[in-house]
Structures are given as structure tokens and as C-alpha cells.
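Good morning, and thank you for coming.

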Amino acid sequence: MFYILNDLKKVLFSLNQEIDFKRSLFIDLGCGVGKPVFTSNLLFHSFSLGIDNISTFINKANVIKKFLSPFVNFNKICFIKEDIINFLENFEIYLKNCFEKNIKEINYLIIYLPATAFSKILLNNIKLKILKIFSLYKDKKIYIIVLSRKLNIKDLNLIYKKDYYFSWFKSSVYFYEVI
């Protein structure tokens with residue numbers, strides 16, 4: 001995840017754009033035990049939010065969060081046990097519940113979508129819900145990082161594609177910006 005976020009920063013710089021990770025919210029839709037969430041928070045100092053519908057994963061992520069308490073800012077990291085579609089449908093509520101005191105500090109949204117194991121139906125439903133977020137947060141710059149699959153949404157501009165090695169195999173990662 002470090003290389004992916006670092007590449008996002010480099011690509012944006014090459015496009016004469018900047019991103020302030022300290023004012024960014026990194027959202028992992030299918031976070032497991034939270035490795036990308038912790039990476040974005042610890043190494044890039046972003047607000048970080050992990051969503052997963054498996055209780056065991058969220059419980060482990062919260063144990064790791066407590067273990068890392070000397071290093072993570074508890075006000076900038078949150079894990080939610082929820083179905084991705086329900087989370088996206090109620091995004092504003094969850095955002096307020098996790099970061100109510102800091103919402104005004106967030107200028108960028110980075111949505112990480114590990115779509116490798118998602119069915120086409122789930123991915124299509126996620127696309128529909130993400131469109132709602134685009135309309136709600138027009139005042140923020142939104143980037144979407146998708147693992148393994150392209151997203152065909154008219155409001156997205158593909159800004160970069162690169163292959164990375166993961167624990168399971170090599171996979172393409174697609175970087176989009178909302179236009």
C-alpha cells in the first residue's frame with residue numbers, strides 16, 4: 001500500500017496537482033484486518049477508515065489499533081463492521097460518526113476498492129453508490145484506486161495504471177480522479 005499511495009502522489013505531482021495526505025480521508029472498502037488503513041494512517045498521516053462485513057476482521061483491526069496506540073492518532077482512524085453497499089448508502093452518517101470533529105479538515109477522499117474478489121453484481125452496485133458520493137462531495141477532490149478491475153464510470157478519468165505484486169499474485173491497479 002505504501003507504494004500505491006506514494007505513486008498516487010507522484011502521478012498527481014506529474015499532473016501539476018498536489019495532495020495533502022494529512023487532509024485526506026483514505027477509505028478501504030473491504031479492509032480485512034486493516035493493513036492498508038494502518039499504512040495510510042501511520043506513513044501518510046491521513047484520516048483512515050476501514051469497512052468490512054466480517055466481525056472477526058474488524059475485531060482484529062481494533063485490537064491492532066489498540067496495540068499501535070502509541071503510533072496512531074485515534075481521532076484519525078476508524079473501523080466499521082458493515083456491508084459495503086449499506087456503508088456507501090449511509091456514507092454521510094458513518095463519516096460523521098467517525099470524524100465529526102475533523103470533517104472540515106478533510107479536503108480529499110481516496111477510495112480504495114480491492115475489487116479482485118468482488119462479483120460483477122457487487123461491483124456494479126458499488127459503482128452506483130459511489131456516484132452518490134461524487135454528487136455529495138463536489139467540494140472535495142476524490143481519487144479512486146481500484147485493484148484488478150477497471151471502472152467504467154463517466155465521471156472518472158483514468159490517470160495511471162501499474163502492476164504491483166501482492167501476496168497472492170501480480171495485479172493491475174487503476175488510479176482514477178473524479179472530474
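A residue is called buried when its relative accessible area is under 20%, exposed when it is over 50%, and partly exposed in between, using a 1.4 Å probe and protein chains only. Please note that this is a predicted model, in which local features need pLDDT of at least 70, side-chain atom pairs count only at pLDDT 80 or more, and totals for chains, interfaces and linings use all residues. Residues are numbered from 1 along each chain as its sequence is written, and side-chain values use heavy atoms, leaving out hydrogens and water.

Let us start with the cysteines. Cys 78 is buried, with a relative accessible area of 14%. Cys 31 also counts as buried, at 6% relative accessibility. Which partner does Cys 78 have in a disulfide? A disulfide here is a pair of cysteine sulfur atoms within 2.5 Å, and Cys 78 is joined to Cys 98 with an S to S distance of 2.2 Å. The pair links distant parts of the chain, 20 residues apart: Cys 78 lies in strand β3 (residues 77-81) and Cys 98 in helix α5 (residues 91-99). The torsion about their S-S bond is about -40°, so this disulfide is left-handed. Cys 31, by contrast, is in no disulfide; the nearest cysteine sulfur belongs to Cys 78, 10.0 Å away.

I turn now to the overall fold. The protein has six helices and seven strands; these are DSSP runs numbered from the N terminus, with helices (H or I) of at least four residues and strands (E) of at least two. The seven strands form an open, mixed sheet in the order β3-β2-β1-β4-β5-β7-β6, where two strands pair if DSSP finds at least two bridges between them.

Tyr 112 stands opposite Ile 145 in β5.

Finally, consider the molecule as a whole. Buried residues make up 50% of its 179 residues. Along its principal axes, the C-alpha trace spans about 40 × 35 × 30 Å.
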